[in-house]
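Hi there,

Here is the structure I promised to pass on to you.

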Amino acid sequence: MAALMPAPAASRLLLSGNEAVARAVWEGGVKVAAAYPGTPATEMMEVVSTYPDIYAEWSVNEKVSLEVAIGAAYAGSRAFCCMKHVGMNVASDALMTLTLTGVIGGLVIAIADDVGLSSSQNEQDSRYWGRFAHVPVMEPADSQEAYEMTLAAFDLSEKFQVPVILRMTTRINHVKSLVTVGERTTHVGAGFKKEPGRFVMVPGNAGKRIPLMFAREEKLREAAEISPLNFIEQGSDKRVGFIASGPAYMHVKESFPGAPVLKLGYSFPVPFEKCRELAAMVEQVVVVEEVEPLVETELKAQGIKVLGKEILPRQGELSPNVLRPAIAKLLGETMPELQSTAALEVFPRPPTMCVACPHLGVYYTLSQVRNISIAGDIGCYTLGAGHPWNALDTCVSMGASMGVALGMDKGRGESDKDKRILAVIGDSTFLHMGMQGLLDIVYNKGNVTVLLLDNRAVGMTGGQDNPGNGRDIYGDDTPRVNFAALVEALGVKKERIHVVDPYQLPVLFRTIREEVKVPEVSVIITDQPCVLVKDYHKLKPFEVIDDKCTGCGNCVDVGCPAIHVTRRGKEVKPSGKEVDLAFVRIESSVCTGCGLCVQPCAPKAIVHHVPVSPIKLVKSCGV
Amino acid sequence: MSENTNILVVGIGGQGVMTATEILAEAAIALGHDAKKTEVAGMAQRGGVVSSHLRFGKKVLTPQITPGTADVLLGFESAETMRWQHMLKKGGITLMNSSKLVPPVVELGLFDYPEDPIGEIKKGGSKVVAFDATSIAQELGDIRLGNTVMLGAIADHLPFGAEVLLSCVLKRFERKGEKLVELNRRAFEAGRAAVGAAEAASV
């Protein structure tokens, strides 16, 4: 994306938490910003890349992104790095030593926790990293705070020479609310000064830094005690006082407008004295924090009497409809009857693959191959676990398909002694953390057939660029990875590497069937782009000749959302077996002519669509 | 909290639900309201369920609408409008596109699409106005105008005049040329008229 003219200072803008952080990153004079995409964090770096005078990058994974930020901060420049919660697991190795060296230029790490799992494989509380690495944590409650705290985090980072974690949640990242923005300040880095005792973390040096880290933590706690980000709001109803952080603060204010509240914005190290101050004001204290009872546990260890997860859930959001009944119960009140009626029963509508998605061909084919176990990975292709394919058996973490497949191969039980083991991984996930796993399969002589689905995009997060498509975050050309050469360099035999067009079902089927029989590692690379990126080109749409459709349902098994069942029926085969029939039509207005459904259609009922009358197309009118 | 207006916009990924809600938010802000907009979208780009919450008023705290407190439910698809009925307050109103988008799980025969979503919704006792926004958009020449038709549909059920909302809609198309501005103006008015006609018919 090209740099845009940023909105002038004092503008009041409707911004998501992600957009607000990006604005503050620019205003704060950050020089280097790096990230790997991940919902709900992705837009932070996308928006940072639209600002002028700042270097932004998509890194290959979160650990590398943090290391890039560390280098810039060592050089004295301000640096920013952001990721989703599971990304911090990957980056944590760097963080745990970064805390010993500290930083010169300010370094802020924004971590987006997917509380409620709208798009993640687990739910984690990233505030743990503050405790684990002894670094401060800030928790905004809306976009304005996300903006202000990002700026405050840079100041704190430089004052204490410590990286600062900005802990966000989906309900901050993706909520749009009003933000009053300010001026950009420039920040000139001092340049890197050699200081081996601090920047070369060998045992002798690192050991000396540990006491300094603990001393810093006490100073940080003192700063939290007097920080304006932690404040008490008086209230008339002293039966319960609340200690709340992040979006939970808003829910507390909404639910209990008369209650005293200690709002923790700079929430770690916990300002114990402030908490004691609130506790002295009220009959009992409830800590409202998403997800884990971190503040609660620490307050209890301090001898401060509080309640928390005894009465509140440890999973999901603490919205008013969770808080109100819990507190009513605590106070022995009868909860006013809920106004809401029971939800009406409606079928589930799980996310699907797109019309003409190149993965459709892969999963249709895999669903036709017998006696296989498929280790899957994180991306759009995780949807292959769903209907109609049911062709993905595991999903753990980024890149895990490789190791899990090898483990399945080496750890075969009696019942799967003849099973063929496959691994399915996307291009970006492979580059993120899959390459090492493949090397491990090669090195340890595993018998795994790897399907590397190269769709030239980080699909699930919105089609971001990556080293696999030869474009950087600005859309500029950059060297493109040659996957066939890469896997060969990792040791896969040349004759075991196949590049296949996933829209050619017979070739794909034959290749998979042959390779699973070979008792060594093979890599089948599919090479068609994601339909949502600019590399994709639409073809002439198809339609179904109604008279010719026999209702066999083969095309339905492809799983393309453009295919609709018009009527159902039953047929008794000569063998006496009754089979279900599903007659179909193709929604030609959305079909892009990939031809996948044409191939399994026995009666050749699917033909190119001929418009009855010329349709007047209005270009680029999408809202 | 009760002085805030709660509008729930629902549909499926790709229909423009989130954009429509954002335009509604812009209109509320233009009139000096505080506003917060939030979604439960998940992997929404892939044809999943999307529900977008807008709350506006003097001061908005919690961004999401508590079940049973939505003033208006704007539904872009029939079954989805049914799915979120419990969010509506007593006396709230449902404005819905009567057209249906059948998901693969129904095509595969694993689940049934409800036979009469409008009837099911009416059983709950809330006021329902149904119209075929998809056909209206198609008649205007592009299915993508459906989003603007839906915004026109809600225009007379807001605590402010339709003109503010219309100007926020049209602002989005200013840079794309007069022709698109005009088409969207017509789509907006068509949505408004469709709701007006459906309401008149039900009286």
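Let me start with chain B, where strand 2 and strand 3 of chain B run antiparallel to each other and pair over seven bridges. (Strands pair if DSSP finds at least two bridges between them; helices, H or I of at least four residues, and strands, E of at least two, are DSSP runs numbered from the N terminus.) In that pairing, D34(B) sits opposite G57(B) of strand 3 of chain B. Strand 3 of chain B also pairs with strand 1 (residues 5-12) of chain B, again antiparallel, over eight bridges. There, I12(B) faces V49(B) in strand 3 of chain B. Strand 3 (residues 49-57) of chain B is largely enclosed by the rest of the structure, because eight of its nine residues are buried. Buried here means 20 or more other C-beta atoms within 10 Å of the residue's own, exposed means 12 or fewer, and partly exposed is in between, with C-beta atoms placed from the backbone.

Before going further, a word on conventions. This is a predicted model, in which local features need pLDDT of at least 70 and side-chain atom pairs count only at pLDDT 80 or more, while totals for chains, interfaces and linings use all residues. Residues are numbered from 1 along each chain as its sequence is written, and chains are lettered from A and ligands numbered from 1 in the order in which they are written.

Where the chains meet

Strand 2 (residues 34-40) of chain B also pairs with strand 8 of chain A, in the antiparallel sense and over two bridges. K176(A) is opposite K37(B) of strand 2 of chain B. The contact as a whole involves 51 residues of chain A and 64 residues of chain B, where contact means C-beta atoms, placed from the backbone, within 7 Å. On the chain A side, the elements giving two or more residues are strand 8 (176-180), helix 10 (247-255), helix 13 (320-330) and strand 20 (563-572). That side of chain A has 26 nonpolar, 18 polar and seven charged residues. (Ala, Val, Leu, Ile, Met, Phe, Trp, Tyr, Cys and Pro count as nonpolar, Asp, Glu, Lys and Arg as charged, and the others, Gly among them, as polar.)

Chain A as a whole

Chain A has 18 helices and 22 strands. Buried residues account for 52% of the 623 residues in chain A. Of the contacts in chain A between residues at least 6 apart in sequence, 75% link residues at least 24 apart.

The largest nonpolar core contains 169 residues, and V48(A), A69(A) and A110(A) have the most contacts inside it. (Such a core is a set of buried Ala, Val, Leu, Ile, Met, Phe, Trp, Tyr and Cys residues joined through C-beta atoms within 7 Å.) Setting aside neighbours within four places in sequence, A110(A) touches V21(A), A41(A), M44(A), C82(A), L166(A) and M168(A). A second, separate core has 75 residues, including A400(A) and V492(A).

Domains

Chain A is divided into domain 1 (12-226), domain 2 (230-330), domain 3 (358-527) and domain 4 (542-614), with bounds from an automatic or database domain assignment. The centres of domain 1 and domain 2 of chain A are 26 Å apart, taken over C-alpha atoms. Between them, 25 residues of domain 1 are in contact with 22 residues of domain 2. Helix 9 of chain A gives the most to the domain 1 side, with five residues.

Backbone details

The one from F268(A) to P269(A) is cis, with omega near -5°, and P269(A) lies in the loop between strand 12 (266-268) and helix 11 (272-281) of chain A. The bond from H387(A) to P388(A) is also cis, with omega near 0°.

D53(A), which is not a glycine, has a positive phi near 60°. D53(A) is in the loop between helix 2 (42-48) and strand 3 (55-58) of chain A, and counts as exposed, with 12 C-beta neighbours inside 10 Å.

Best wishes

Notes: Contact = placed C-beta atoms within 7 Å.
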